[in-house]
Amino acid sequence: MEITLERLDTAKRKERKKFKSNSSVNKSVVKALVANAASIVNTAPPLKNFIADNPTKGFEEHDFLKATKLIERYFKAKCFQGREQYEKLVADGEIDREILNSLIKQYEKDKLDMPEVQILAPAISLRSAGDTLDQVNNYTNQFCAGFLDETESIWGMPQRDKGFYYVWKNLILHDPKFSGDSKLKSWLGSLPESPEESLSLALTVLGIEEDDRLEYLRLSLSSLPGWASYIKWREGHEHWDHFKYDVNLLEYLAVRLHLEIVFLKMFKSYVPKEEFTGIITSKEKEGEIPVHVYQEALERTYQKQLTDIIESNLAGQTNNQAVDKSLAQMIFCMDVRSEGIRRSIESVSNVETLGAAGFFGLPVSYKKYDEEFAEDTCPVLIKPVHKIEEMVHPKTLDKFSDFQFSKSVNDLLTKTYKSLKSNVGTSFIFAEAAGVLYMAMMLSKTFFSKMKVLFKDNKDSKDKVYFDANVDLSASNPSGLTLQEQVYFSETALKLMGLTKNFSEFVIFTGHGSTTENNPYAAALDCGACAGQHGGDNAKAVAKILNNPEIRKEIANNGIHIPENTVFLGAEHDTTTDEIEIYDIDIVDPEKRKRIDMLKSKLGIAATINRESRELTNVSAKVNKKLHTESVNSRELGVDEIDHDKIIFKSQDWSETRPEWGLTGNIAFFIGARDLLKGSDLRNRVFMHSYDWEGDNDGSALETIMCAPMVVTQCINGQYYFSSMDNVNFGSGSKITHNVVGDFGVLQGNSSDLQTGLTLQSIFKDDETLLYNPQRLCVYIQAPLARVEEILEKHSNLKNLFTRNWLYLKVICPIENKIITIN
Amino acid sequence: MSEFELNEMFKLEVVISGEDQDTVSNMMKDEGITGYTVIPNISGFGHYGHHQGQMFFNDKSSFVMIIAVAPEDVIARVAEGLEVLFKGKPGVLFVSEVSVARVTYFS
C-alpha cells in the first residue's frame, strides 16, 4: 500500500495526538526551523582551538556577488573595500589598468544583456530596535558570558546541568530589574518547561506568522553572531569532555525571543503584524564602477603575476633544475608561511621540500602527557575516532620522577594562587601581600625575557624528559591505531604528496606552531590543519609509524619501497622565530648524526634568511605590492640590516600584538610540482600542496586534495577576506580593549558580543591600514584538464565553489602544456 | 516449524548532508525512536547534482542515509520536522510500511 505524507498528516492525526498529549508543538518542526535558521552563522570554536573559517559559509549556496548583498543586509556589514581605496590601488599600480578596463567593458556588456539581479531582503524586521534592541543584546551578552564561563568565575550560575533555557527561566524571576512588575513575573513564571514549546510560544506572542518564522530566527541570530556562532560550535560538540554543561541554539533563541517580549513589554498583549520591507537590488549608481569590479580586477592582477611565473617555468625559461635532495627531504605544511622557509632552505642546502596538509594524514586527537584532555589535531572537516597518547620516551625514563615532582609542585602553586586570588575572603589581602612580588615578576617579564632570548642555550638539554607518541592500539590505548590503519593512513599521506619513490636518507615531517606570550589568539597562529594546535606532534607520530619495519613491509607490498637506510623524523617549524626543532635525533646512528648536524646548521642559516625576508614585509611597503620572480634583496630595497634578535624577541614579548602575520595575504592554492614555483618569492601568500599527476593514474589523490585541503584553504581564505573587509562585524577588533571571558573567547570591553574572527592586529599594520588587500583564493592545479573536470562533476559541492565565484580555478594542463582559466 | 509473527511498522529513510546528521538524529531521539542505522559516505545524483560518496578527510561534505523504524505516529512527527528542514537544506525522505520481527525493539 502506498504511503504518502498527506496520509500521515491527515488520516492519522487522531493517533498522533496521543503522542502530543502534553504538547501542541511538534518538537521536530521547531528543531528543524532552528537548524535552518542556524545556517546564517558558521561555527566558532573556543579560543584555544581557533582556526580561520569562513564566517559567511552559510551563504555559499549563492553566487558570491548575490551573497555579499545578503550578508550586507543581514549583518549590516561591508564585503568590499571603499571606492577610494580601490582607486588608490589603481593609481599605485596594484590594480592593473588594462585588466580593470577589460572587466569594466565586460560589466557594461553584462549589465545590458542580463536582467537586474534582485535579492529578496529579509521579509521582516526584528520587533525590537534602537534602545530596546540594545537592552536585549546587553542582557544576552551578560547571560551568555555568565552561563558559558566554566573556568574563570568562582561562583557559577546554579543548575546549569539543566540547560541554558531552564537557568534563565528561573533566574529572571529573581532579577531585581523585573521583580517589581507582578504581571511580568507571573507571565514569566508560567512559561513552558520545554524550550521547543517556549520558542514556539515566543514567536506567537511576537506575532510572527508561520511563513516569517525562519527569517525572524535568522535575524535574531545575526543580531549577535559571535554568541550564535560559538553556541553552534558547542552544539556540534555536545558532551565534549572539555565542558561540563551543554548549550544549543534552540535554547538560546528561546531565551532571546522572550527577552524581546520582556523588554518590549509585549507580554501584556499580542501585537499586529508589521508591514515588511520588500526587495533590494544590486543596481549601482549610473556611471560608477561597482566596487566588486575593482575587487575582481585586483584579484586578476595578482593571478596574472602568478600565472606568468608558472608559465615561465613551464617553458623552462628559469629555475628548472634537477632537484638535489642528497641531504634530506622535508615535508612542510601547505600553510602559506611554509613558502618562505621552504624557499630559504632550498636556497642554502641540497634539501628537497614538499608540501602537504600539516596533520600528515593522521585523523587523530592527541593527548599530551601533562594535559587533562586530548585535543583534535586534524582538520575540522574530520571527526577523529583515533587517539594518540603521549608517553615518556624510554630513554628518558630515569629523569621522569624529577619531572613529575616539579610538575606537581607547579600545579599546586598554580592552584593555590588561583584560590587566593579569587576567594572572597582572601582576594584583597592577597593583592596587598603579593603586590610587591607581582611587581617584581612583571618587571622581570618585561626586561629579562629579552635576556632569555639573547642568551638562549641551543644545546639539547641533558635533563630534559622526552615524550613519544603512543600510536598503537592496545589495552592501555583503546583508541589507538591498528597496524592496518597505520599502513593505510601513512601510505595515503605519501601518495597524496607524490612521495612514493626516490626517498632521501632523511625524510623529515615538519609541522609548525607559533610561540607568543600573553596572546589569547595564539591558536590562530598555529596549524589550521591540526585544528589550531602545534603540528609537531602529528609529525612525530607519522615519522614513528613509517620507521616501523612492519609498516614498511606492508607499504612495499602496495608498491612503495622505502630504502632500509631511510630514516623518518618529526620536526616543528616555529613560525615566529623560524627555528626548526628536529625531534628524536638520538634514534639516528652516530654516523648519520653528522649529516643531521650539518642539516641543522643549514636550517639555522635558512631561518636567518627567512626572518630577513619576513621582516621586509614590515619595513618596506613596496615589497608587499606584488609577487616576485626572485628572492627580494633587502639591500636593493634600501633596508638597513635586520635586527634578528628583535624578531625572535617577539616570541617572548608579552606586549607584542603582532608577533607574526599568520596567513595574512593568502591569495592562491597551488597543487602541483615545486619546480613550477621554485625560486620565486611569493611573500608567504600561497598555499602549496605537492602533487605528482603522473603518479596518480586514477586521480584519487587529486580528488582527496580537492575534497579536503582545497576546501580548508577556501575556509581560511574566507575568514581572512571578511575579517579584513569588515573587522568589526567579522573580525575581533583591537586586541587593546579585549577582555578574556571564561577561557573560551574575548569580549570588547566589559560586555559585548563574543568576538570570533581575526583581530585587527592580525591583518592591519596600523589602526587603519591593511597589510594586504584581501582577495578571494585562486586554485592552480597541475593535472590534465579532463581529470579536474571529472572530479568537479563528481562533487557538486566543489564545482559550486567555482561556478558561484567563491574561488577561481586555473588548470596547468600538462597534456596541452598551458594554463587554462576556468573562471 | 514454529510460527513466526511479524508486526507492521513504518520505516523512514532519509538522505541528508553529513553536517545535518546530528540534527536529524536528535529529532529522532526526542520523538522516542530507540535506534537507527547510519550509512555514511553515500553517492548519488539529484537536484544538487552528482555527489560522490567517499570523501577522504572530509566528513562534513559527505552525505549520509539514516534509517529508522517506528510506529506510524512517531515517523509522522519526524517526517513533519524533516519537511521543514528540507526548506533550507538538501535531502530526500522515503517513508514506507515494513514488517518487523521484534516489535519491542521499535516502540
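Trainee: In what order do the five strands of the open sheet with β4 and β11 of chain A run?

Mentor: The order is β4-β3-β9-β10-β11 in chain A, and the pairing is mixed. The edges are β4 (351-356) and β11 (580-582) of chain A, each of which pairs on one side only. Neighbouring strands there are turned by 25° against each other on average, direction ignored. This is a predicted model: local features need pLDDT of at least 70, side-chain atom pairs count only at pLDDT 80 or more, and totals for chains, interfaces and linings use all residues. Residues are numbered from 1 along each chain as its sequence is written, while chains are lettered from A and ligands numbered from 1 in the order in which they are written.

Trainee: What counts as a strand, and as a pair?

Mentor: Strands (E, at least two residues) and helices (H or I, at least four) are DSSP runs, numbered from the N terminus. Two strands pair if DSSP finds at least two bridges between them.

Trainee: In which sense do β3 and β4 of chain A pair?

Mentor: Parallel, over six bridges, with β3(A) covering residues 328-333. Ala328(A) has Val351(A) in β4(A) as its bridge partner. Helix α16 (residues 337-348) of chain A packs on this sheet and touches β3, β4, β9 (506-513) and β10 (567-574) of chain A. Its direction makes about 165° with that of β4(A). Helix α20 (residues 536-547) of chain A also packs on the sheet, touching β9 and β10 of chain A, with its direction at about 175° to that of β10(A).

Trainee: How are touching and those angles defined?

Mentor: Residues are in contact if their C-beta atoms, placed from the backbone, lie within 7 Å. Axes are lines fitted to C-alpha atoms, for helices over the stretch in contact, and angles run from 0 to 180 degrees between N-to-C directions.

Trainee: At what angle do α19(A) and α20(A) cross?

Mentor: Roughly 110°, and the axes of α20(A) and α19 (residues 483-496) of chain A come within 10 Å. The two helices are therefore roughly perpendicular to each other (65 to 115 degrees; under 35 is roughly parallel, over 145 roughly antiparallel, the rest oblique). Gln486(A), Ser490(A) and Ala493(A) in α19(A) meet Val542(A), Ile545(A) and Leu546(A) in α20(A).

Trainee: Which residues of α7(A) are buried?

Mentor: Among them are Val136(A), Tyr139(A), Phe143(A) and Leu148(A). Buried means 20 or more other C-beta atoms within 10 Å of the residue's own, exposed 12 or fewer, partly exposed in between, with C-beta atoms placed from the backbone. The cover for the buried residues of α7(A) includes α8 (164-171), α13 (225-235) and α14 (249-264) of chain A.

Trainee: And α2(B), how many of its residues are buried?

Mentor: 13 of the 14, so α2(B) is largely enclosed by the rest of the structure.

Trainee: What about chain A as a whole, how much is buried?

Mentor: 46% of its 823 residues. Chain A has 28 helices and 18 strands.

Definitions and conventions:
Two residues are in contact if their C-beta atoms, placed from the backbone, lie within 7 Å.
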